[in-house]
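I opened the notebook to record a few look-ups, one entry at a time. The entries follow the order in which I made them.

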Amino acid sequence: MSEKVFGSKEKSREFLLTQVLLVLFTVLGIFLAAQQGFTKAVEFDYLKGDIDGWHVRTAVRAELIHNLDGMHNLIGHVRQTGSFPATAAEWPRVSRNVWDGAKYLPAYYETSPAALAALGAFYDEVPELLKRAQNNRVLPKVFFENLKAHLRYSEGTVLPDMESGLAAARALRQLRRASS
């Protein structure tokens, strides 16, 4: 009966071989397409993570610079007037919205441990120092020594460390873009 349907046995073997190869190459093609899609998805995820991390660390750095500027303005005010600001509205506020939010993101841990420790100390100690100075519970000399120590360390060590980390992230991002 097979000779009636397929013709000769040779044609029957050719037909079956063709069908097997067709199925095999279809499966292989689907596998290769899926693998390529997965590779692109992973590359995109890495790139997205790099971009998100870069933005988070840039925002933390910008917030720190804003806070340092506020402390420098306070020091300038005291030098100019010879006294602490009279009203609470004149005192700088230590903004920590980005810092508090960044703690829950993976990019937070891409910042060097030394910078994280210094930032944590800054955000823990400086607001308390400001509060004590506003309530006249700290000597001006002690206040300025502590504040200037935080400023020196933040500007001399933490900001350059953050800059180098951002530069490395920027270079990695460009390398990944070039390779894809």
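Entry 1, Asn136. I began with accessibility: Asn136 has a relative accessible area of 64%, which is over the 50% cut-off, so I noted Asn136 as exposed. The model is a predicted one, and I kept that in mind throughout. I then placed Asn136 in the loop between α4 and α5. I looked up its backbone as well: the phi of Asn136 is positive, near 55°, and the residue is not a glycine. Asn136 follows helix α4, and that sent me to the helix.

I took residues 113-134 as α4 and checked the length against the count. At 1.5 Å a residue, the 22 residues should span 32 Å, and I found the end C-alpha atoms 32 Å apart, which agrees. Next I asked which residues of α4 are buried. I listed Ala115, Leu116, Ala118, Leu119, Gly120, Phe122, Tyr123, Val126, Leu129, Leu130 and Ala133. I then looked for what covers these buried residues, and the cover includes α2 (9-81), α3 (97-102) and α5 (140-179).

After α2 comes Gly82, and I noted its phi as positive, near 85°.

I searched the whole structure and got 6 salt bridges. I wrote down the general point that side chains of opposite charge can pair when their charged atoms come close. I followed up Arg57 and Glu110, which form a salt bridge with their closest N and O atoms 3.6 Å apart. This pair links distant parts of the chain: Arg57 sits in helix α2 and Glu110 in the loop between α3 and α4, 53 residues apart.

Are the two partners buried or exposed? I have Arg57 as buried, because its relative accessibility is 9%, under the 20% cut-off. Glu110 I have as partly exposed, at 42%.

I set aside neighbours within four places in sequence and asked what Glu110 is in contact with. The contacts are Gly53 and Arg57. I also looked up Glu43: Glu110 and Glu43 are 67 residues apart in sequence, and their C-alpha atoms are 19 Å apart in space.

I found Asp100 in a salt bridge with Arg96, the closest N and O atoms being 3.2 Å apart. The side chain of Lys103 also meets that of Asp100 in a salt bridge, 3.9 Å from N to O. Shared partners join Arg96, Asp100 and Lys103 into one network. I then looked up accessibility for each member. Asp100 is partly exposed, with a relative accessible area of 30%. Arg96 counts as partly exposed at 24%. Lys103 counts as partly exposed at 30%.

Entry 7, the largest cavity. How many cavities of 30 Å³ or more does the whole structure hold? I found 1. I noted the volume of the largest cavity as about 40 Å³. Its lining consists of Arg57, Val60, Trp99, Ala107, Tyr108, Thr111, Leu116 and Met162. I sorted these lining residues into 6 nonpolar, 1 polar and 1 charged.

What lines the largest pocket? I listed Trp91, Pro92, Arg93, Val94, Ser95, Pro127, Leu130, Lys131 and Gln134. By class, the lining divides into 5 nonpolar, 2 polar and 2 charged residues.

Conventions: Residues numbered from 1 in each chain as written. Predicted model: local features only at pLDDT ≥ 70, side-chain atom pairs only at ≥ 80, totals over all residues. Heavy atoms only, no water. Helix = DSSP H or I, 4+ residues; strand = E, 2+ residues; numbered from the N terminus. Expected span 1.5 Å × (residues − 1). Buried < 20%, exposed > 50% of the residue type's maximum accessible area, 1.4 Å probe, protein only. Contact = heavy atoms within 4.5 Å. Salt bridge = Lys/Arg side-chain N within 4 Å of Asp/Glu carboxyl O. 1 Å grid on protein atoms, 1.4 Å probe; cavity = no way out; pocket = protein on both sides within 12 Å on 5 of 7 lines; lining within 4 Å. Nonpolar A, V, L, I, M, F, W, Y, C, P; charged D, E, K, R; others polar. Points joined across faces, edges and corners; volume = space filled by probe spheres on them.
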